[in-house]
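Try each task on your own before you read the solution.

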Amino acid sequence: MDIGVAILITGFAAVFAAFLLLLNGLIYSEFTNSKIPLGVVSRRKLHLVHMVQVGCAVLGRILERMGLCHQITFTRKVLSWLTVRKEPVPSGLRIKDLMFANVPVRAYEPTVPSGGRRRALVYFHGGGWVLGSIDTADAVCRYIAKESDTVVISVGYRLAPEHRYPAQLDDCEAATCHFLSVAEAEFGVDMRRIAVGGDSAGGNLAAALCQRLAQPQSGGLPPLRSQVLIYPALQMADFSLPSYVQNQAVPLLFRGRAAFYFLQYLNGEMSVCQDVLEGSHVPADLRLQYRRWLSPDNLPPDFLPRDYKEPEPGEFDGEVYHLVREGLEPGMSPLLAEDSVLRLTPPTFVLTCEYDVLRDDGLLYRKRLEDLGVAVSWRHIPDGFHGILNFCSSGWLTFPSSRAAMDCIVEYVKTI
């Protein structure tokens, strides 16, 4: 063998080995920072899922620093490759990819004869407004459509960082309004039985959209029957609520990552992430106003740990507030809407998970709505963690809490 070729191969092998060693070290470092509670069933499976998630994020970060690709682009492709499976269309269901007002959607229509017009659910996938797609939500939407005999419309809204707020919400509104205009004629849907819903960031979009459409200037569209909020992210004013403290290192959503996603959705100003986590972005007058709605005292007693001490917020920074103040508006933080707006929202289903940083967002929204006379149906998954719907039909990676959550959702959807 030519000595030059041998040196080249040896050099490449050395670089590759160093790369693997670095990757392994970073994965180990981040992996050991996670804390999976004993209450989570199938903890080893969650460890495995988290290790893959962290490995994907770390490798994407390395490739981004090498100038080869953006970390988020890499993460999207890998997660899609790992989670999306092209399954045949099951009997009793018709699936079509369509465009509603220039927004891609996927329609799931039961084909079993019905005694009347069907209900419908317009669904917005999760993924921190950055990840996720119609394909990643496919299993969830199939299950809901088939098990509840419901027309489901899954919306492929635009994602950050390519598109910032309010592009995602605008897409959801455009697709929903289009569907409301054709639901009866083209899908045989009862116009009095149409709901919107979603998980995580999708729950945020559903809540914000219901507030938008409840306004008098919404164009005379028929009112929505319900909103289905599955472990929703509802505010970026306080990242020190008890659930954020208790579950700050529980996969699949760390406390710091929650702030990261909000900022990616808003404007991408990641330099202020730590300031936002510490609460330095909220002025004293707004903090006092928000406390009526975000105080831990508003939580059910069972969800307020005895040893919880409310952290002191960081010193207010006007520059940080200027950069992120739009994130405190109801379009991004539906939990911070005025009473007069929330009173107009439809009956609501809220699902929360015990080991989820977003748990208290859902609990506090439930209380606000109930105090204002809005009917709320609440389900809590005691052994659930953030993102459990992603494992509702994952073979041996399916978690018991995933099935429990899906059954709760289907049970509620049947009442719409």
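**Exercise 1. Work out how helix H4 passes helix H14 in this predicted model: what are the handedness and the orientation of the crossing?**

Solution. Start with the handedness: H4 passes H14 in a right-handed crossing. The residues that make this contact are Val-140, Tyr-143, Ile-144, Glu-147 and Ser-148 on the H4 side, and Arg-403, Met-406, Asp-407, Ile-409, Val-410 and Val-413 on the H14 side.

Next, take the geometry. Two packed helices are described by the angle between their axes and the distance between the axes. For H4 (residues 138–148) and H14 (residues 400–413), the axes come within 10 Å and cross at roughly 45°. Angles under 35 degrees would count as roughly parallel, and 65 to 115 as roughly perpendicular. H4 and H14 are therefore oblique to each other.

**Exercise 2. Find where Trp-396 lies, then decide: is Trp-396 buried or exposed?**

Solution. First locate the residue: Trp-396 sits in the loop between strand E8 (376–385) and H14. Then check its accessibility against the cut-off for exposed, which is over 50%. Trp-396 has 60% relative accessibility, so it counts as exposed.

Now look for its partners. Leaving aside residues up to four places away in sequence, Trp-396 touches Lys-45 and Leu-48. Trp-396 and Lys-45 are 351 residues apart along the chain, and their C-alpha atoms are separated by 9.0 Å.

**Exercise 3. Inspect the peptide bonds from Tyr-165 to Pro-166 and from Pro-251 to Leu-252: cis or trans?**

Solution. Read omega for each bond. From Tyr-165 to Pro-166, omega is near 10°, and the bond is cis. Pro-166 belongs to the loop between strand E4 (151–155) and helix H5 (167–187).

From Pro-251 to Leu-252, the bond is cis, with omega near 10°. Leu-252 is located in the loop between helix H7 (242–246) and helix H8 (255–266).

Note on methods:
Residues are numbered from 1 along each chain as its sequence is written. This is a predicted model: local features need pLDDT of at least 70, side-chain atom pairs count only at pLDDT 80 or more; totals for chains, interfaces and linings use all residues. Side-chain values use heavy atoms; hydrogens and water are left out. Axes are lines fitted to C-alpha atoms, for helices over the stretch in contact, and angles run from 0 to 180 degrees between N-to-C directions. Helices (H or I, at least four residues) and strands (E, at least two) are DSSP runs, numbered from the N terminus. Angles under 35 degrees count as roughly parallel, over 145 as roughly antiparallel, 65 to 115 as roughly perpendicular and the rest as oblique. A crossing is left-handed if the near helix is turned anticlockwise from the far one by less than a right angle, and right-handed if clockwise. Contact means heavy atoms within 4.5 Å. Buried means under 20% relative accessible area, exposed over 50%, partly exposed in between (1.4 Å probe, protein chains only).
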